Amino acid sequence: MLPKQKTSPEDAAKPEVLLEVDGVTLRFGGVVALDDLSFNLYKGEILGLIGPNGAGKTTCFNAMTGVYRPTSGAVRFDGQQVSGRKPHRINQMGIARTFQNIRLFPEMTALENVLVGADSQHRTSVVGALFRLYRVKPKPEELPTVDSANGLVRLWQQVRRSSAQVFGISRHTLEERAGERKAYELLSFVGIDDRANDLARNLPYGYQRRLEIARALATEPKLLCLDEPAAGFNPAEKEELLELIRKIRDRGFTVLLIEHDMRLVMGVTDRIVVLEFGKKIAEGAPAEVRDNPKVIAAYLGEPADAA
Amino acid sequence: MRGRGFPRPRNGAKGEKPVNFDALFGDLAQHTVDGLSKGAIYALVALGYTLVYGVLRLINFAHSEIFMVGTFAILGTWSLLGVADNPPIGMAIVYLLIGLVVGALASGATALTVERVAYRRLRRMNAPPLIFLITAIGLSLVLVELFALWMAGFFSGRGFTENRLVIGIPPLLKQETVLSVAGADITNVQIIMVVAALVMLYGLDQFINRTRYGRGVRAVAQSPDTAALMGVHQDRVIMLVFVLGGLMAGAAALLWNMRYGITKFDIGFVVGLKAFTAAVLGGIGNLRGALLGGLLLGVIEVYAATLTRSTWEDVAAFVVLVVVLIFRPTGLLGESLGKARA
Amino acid sequence: MTEALRQINERRRHVLGGMGDRWRALPRWQRWLTLLAGVAFLYYLPFLGDIPGTNLIIPGLDWFRTDSIDGGANWAGVLFVCALYVLVAVGLNVVIGLAGLLDLGYVGFYAVGAYSVALFGSAESPVVGALQEQFGLSSDWAIAWAICIPIALAFSLVAGVLLGWPTLRLRGDYLAIVTLGFGEIIRIVAKNSGWAGEAQGVPGIPGPEGPPSPDNKVFGLLDIKPWYWLALSVVLVMVLLVRRLEHSRVGRSWLAIREDEDAAAVMGVYPFKFKLWAFAIGAALGGFSGLLFASRSAFIQPETFNVQLSILFVAMVVVGGSGNMAGVAVGAFLLAYLPERFRDFSEYRVLAFGLALVLIMLLRPQGLLPSRRRTRELQDRAKEPANVA
């Protein structure tokens, strides 16, 4: 279902910039939250953004996803300016995110939550859903099946199949079905399809986190931003999450991971950007970053989080 | 349905011209004074909405009836005391003070009852705001009907009559011009109204900002959970807020009785609507905003009524409100009792 | 006292809740049959107690009719009003129940619909009068009723968009006061504008058969049954259409916005667009209802469209069970029917209405027939530890 992005070895050699943070400074009153920050995010990689508490990780994340507008500098996605756009436009550009403090639609089922994400790819809107006049010729596998043993029901099914062949099926119906298939597929991809029809609020914590990821993936993003997805997880759960993030990358998504658990970040990312006091203090492959004295100094100030 | 019990000052016959600038600018100072005194009542009632909203994020739809009850309680007390028209000035002041106390007590007590009956159970259930709104509307209807059917007669000394009475109130102070500024004749009652509104606001402001109780109110307004953890008794704060709002409404009721000399079971509705508009205009949750919004709304209404016909004043009030909200989504002064969330 | 009430309520909740689950458990064809029978019964309602075409009377059922009491209102007329209110409730439910927007000025749209058919359809209206003069038409020319329907729908839709455009960006509580003001403005404008007939209102509003006259065969002045059937048919069609929306991406977007607007926006839902649609659809339904009301009354006055009516509309939705179409329909029916049936107590009607609102909301805040979501929402909320120590 999901489009695989073309990442061949040749491309990997000459990486393409997906998101560009260019000299971003962000001030709140007198406080400088981000100070002339610049780095790139390349297509197909997993980039970790780390730093001790209060380093400006979330602020940076919000500037990148358009929540805050930088005081100076620019964030460009696919060559287009991000800041100043409305959230749904940013989603349509191809950026999807999860929230540090989970924000699902608690009174909707898991499936419906994912469907809301999938809907962003659908073209039918209010008028289409009301009158369903826009008809599409269905592919053979999309036609209603005739499978009942009961003669009457069989006749009815035959009528529906023929009318679908003659008049087509409304785009709305096809999109609904496609959305539902996709939603189920994503739920099983993140491993929570056993509770697809439970209300989001009744799901266990770990399921909720995974559901948020599934919902974000349903919008078919070019870039998936995960804001501390492992918060509140025990080591075993963290391990499973690592596995999931790798699976997501293998499907061709680019991932931005914000996290302060060093071990998790080291285990999964291709490159890491380290922030401290709103400044970039290091950038590079996990091993380089780990041995960087500045990073060690920054994290030694906060031993509990460096674990 | 019923007529509205809001006596409006008419400026001449129905306008021959659609927009009469001469009428407005020929006498601008006078209209401003009239507007300010009208706005003083809105401002005091608006304080009640603002206080409750600031703490509970809830439109207390029944607040208009809390004001209405105040007018009747004052009337009842005065008729019990046998107040005659235009008593000597000393007695008049005594009666007014008694009226203030009785009005404040009656409205405060009604406010407490409203909180206890309509809201407390719902608060425990953590019900969504819409439910509060409907119970408040229901309770408001009950209060209005109680007064329409029985209580109005009772308070005016006519027994429990079943009439939708309009009741006159003996004038305590003869409304006479005591000051002339820039061509505006200012009456004694108008001075009392505006001064009273300012004094009440000042007192309330001091109470909220300077006292221990006020600190509790501000704490709950900003973060109910944290306040509870810090040992603030939330129920007590909420009761306090309702009582304070009631006191202000009681004072407004006294001003109403002095200015308009008439009360009716359904006066609350329009005054409440305007006062709530005033609170939103100034920035709901903000005490000074309520005063500013009230006075401003009064002035706008009088201007609009003079410019066109008095029936357009409500339209003007709402148009101004919408325009203000579009450009300043949290009202003129912003929300301050609780921190702005928008 | 309260304890006893609570117990009664508890028992009823089990019965009603059980019914809902049993209903959903039925096979599809059985549900269809039941629904068909229900619809047939709705069409039969004006005869309630009689068997049409005979002189037979079914004892007992007669008691429910409003004309069975002294001076009671015409039964079909009451049913007609009930149908109008159900239509209003279905529309307002889109706004309040699905999109979660508090609209206290819904009567404004009802008025716009009513005034559209009045001003364009009545030969005696100032607007038609001006058109007659302008184009030298005869004095009984007016726009046909059937053409007035799209006009009324368009006007109320536009009114919804015009009101929504600047105000939907406001927070919920502000929206309430602004819409309340809007309802009042429509009334005041109608009352003070020469082109809208001022306080006297507009007479001679047409129905499907043209202007009101004793010669009309079906939609006459005395027999209101056809009017009821017309309104009922409109209600049924609209319910089907709104259901389509509810069970589509649009309904999901509304729910998502109601639950968490920011998160919905980040998932690609444009909240403003869907809120505006909710407003416009709600407005159109309210306008349609107003149009039917004006056509049947043949005469409207601005004072009909007051805030109290708006409040009644909101009460219908909330009492019935905001978010559930069957619920709001029941709410609308009860709030229109009960005051008429118990006319003997007309003096205490409003008092009883107020008391009922308070009691229902305190005992059953999710409404009489709540949507499944709302019930769970409230039960879960109640289980959460209160903030208060």
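Two residues are taken to be in contact if their C-beta atoms, placed from the backbone, lie within 7 Å. With that criterion in hand, the meeting of two chains in this predicted model can be described. The contact between chain C and chain A draws 25 residues from chain C and 28 residues from chain A. On the side of chain C that touches chain A, four helices of chain C each supply at least two residues: H8 (225–246), H9 (249–259), H10 (261–266) and H15 (372–383). Helix H9 of chain C gives the most to this side, with seven residues. Sorted by class, the side of chain C that touches chain A holds 13 nonpolar, three polar and nine charged residues.

From this interface the account passes to the interior. In soluble globular proteins, nonpolar side chains tend to be buried together. The largest nonpolar core of the model has 314 residues, of which B:Leu44 and C:Leu87 touch the most other members. The element that gives the most to this core is helix H3 (residues 75–98) of chain C, with 20 residues. Chain A takes part as well: the core lies between domain 1 (1–94 + 221–307) and domain 2 (109–219) of chain A, because both domains give residues to it.

The surroundings of C:Leu87 may be followed in detail. When neighbours within four places in sequence are left aside, C:Leu87 is in contact with C:Ala231, C:Val234, C:Val235 and C:Met238, and also with C:Leu285, C:Phe288 and C:Ser289.

Chain A may now be considered by itself. Its secondary structure consists of 13 helices and 12 strands. Taken along the principal axes, the box filled by the C-alpha atoms of chain A is roughly 80 × 45 × 40 Å. Of the 307 residues in chain A, 39% are buried. Among contacts in chain A with a separation of 6 or more, 69% join residues 24 or more positions apart.

Within chain A, confidence is highest in helix H8 (residues 205–218), at a mean of 92, and lowest in helix H13 (residues 303–306), at 45. Over residues 1–12 of chain A pLDDT stays under 50, and the model has 16 contacts beyond four places in sequence for them. Residues 303–307 of chain A likewise stay under 50, with five such contacts. Where pLDDT is low, the predicted coordinates should not be read in detail.

Definitions and conventions
Residues numbered from 1 in each chain as written. Chains lettered and ligands numbered in written order. Predicted model: local features only at pLDDT ≥ 70, side-chain atom pairs only at ≥ 80, totals over all residues. Core = buried A, V, L, I, M, F, W, Y, C linked by C-beta atoms within 7 Å. Buried ≥ 20, exposed ≤ 12 C-beta atoms within 10 Å, placed from the backbone. Domains from an automatic or database assignment. Nonpolar A, V, L, I, M, F, W, Y, C, P; charged D, E, K, R; others polar. pLDDT = per-residue confidence, 0-100.
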